[in-house]
Amino acid sequence: MNTEEMKRVICKALSDKKGEDITILDVRKLTVLADYFIISSGKSAPQVRALAENVDEVLSKEYGIEPLHRDGVSEGRWVVMDYGSIIVHAFRDDTRMLYCLEKLWGNEENIEKYSD
């Protein structure tokens, strides 16, 4: 699976669990950490966990892709999953506003809003 297909699959998995404000940041020119950050919000800790678990399940079961690292699932405030070229961030609304990754890493040229 190429990176473009993976972006689409991840965004769809987030959307399927009612992820809100799904945003793709193209960070290729800004860091060597990843090519893209995909960010989504949930209303509660259980929803944030469900967002992350659905991404993990879809990529694992359907494509055999496992994250290199994941953190924050048990707390459900900010879950991060590293898939190499894509890092997925699932936030509770208030935590997303606090860290505001879009302002740190985004500009008018590298932000894409997902809509299905």
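Which backbone oxygen lies 3.1 Å from a polar atom of the side chain of T23? Select D21: the backbone oxygen is from that residue. Before moving on, note that this is a predicted model, where local features need pLDDT of at least 70, side-chain atom pairs count only at pLDDT 80 or more, and totals for chains, interfaces and linings use all residues. Residues are numbered from 1 along each chain as its sequence is written, and side-chain values use heavy atoms, leaving out hydrogens and water.

Stay on T23, in strand 1 (residues 20-26); strands are DSSP E runs of at least two residues, helices H or I runs of at least four, numbered from the N terminus. T23 counts as buried because its relative accessibility is 0% (buried is under 20%, exposed over 50%, with a 1.4 Å probe and protein chains only). Now show contacts, meaning heavy atoms within 4.5 Å: beyond four places in sequence, T23 touches residues including F37, R96 and E102.

Next, select helix 2 (45-63). Colour its buried residues, among them V48, L51 and V55; their cover includes helix 1 (3-16) and strand 2 (36-42).

Last stop: L68, in the loop between helix 2 and strand 3 (69-71). L68 counts as exposed because its relative accessibility is 66%. Leaving aside neighbours within four places, L68 is in contact with D82, Y83 and G84.

Methods
Polar contact = N/O pair within 3.5 Å; in protein donor to acceptor, adjacent residues only side chain to side chain.
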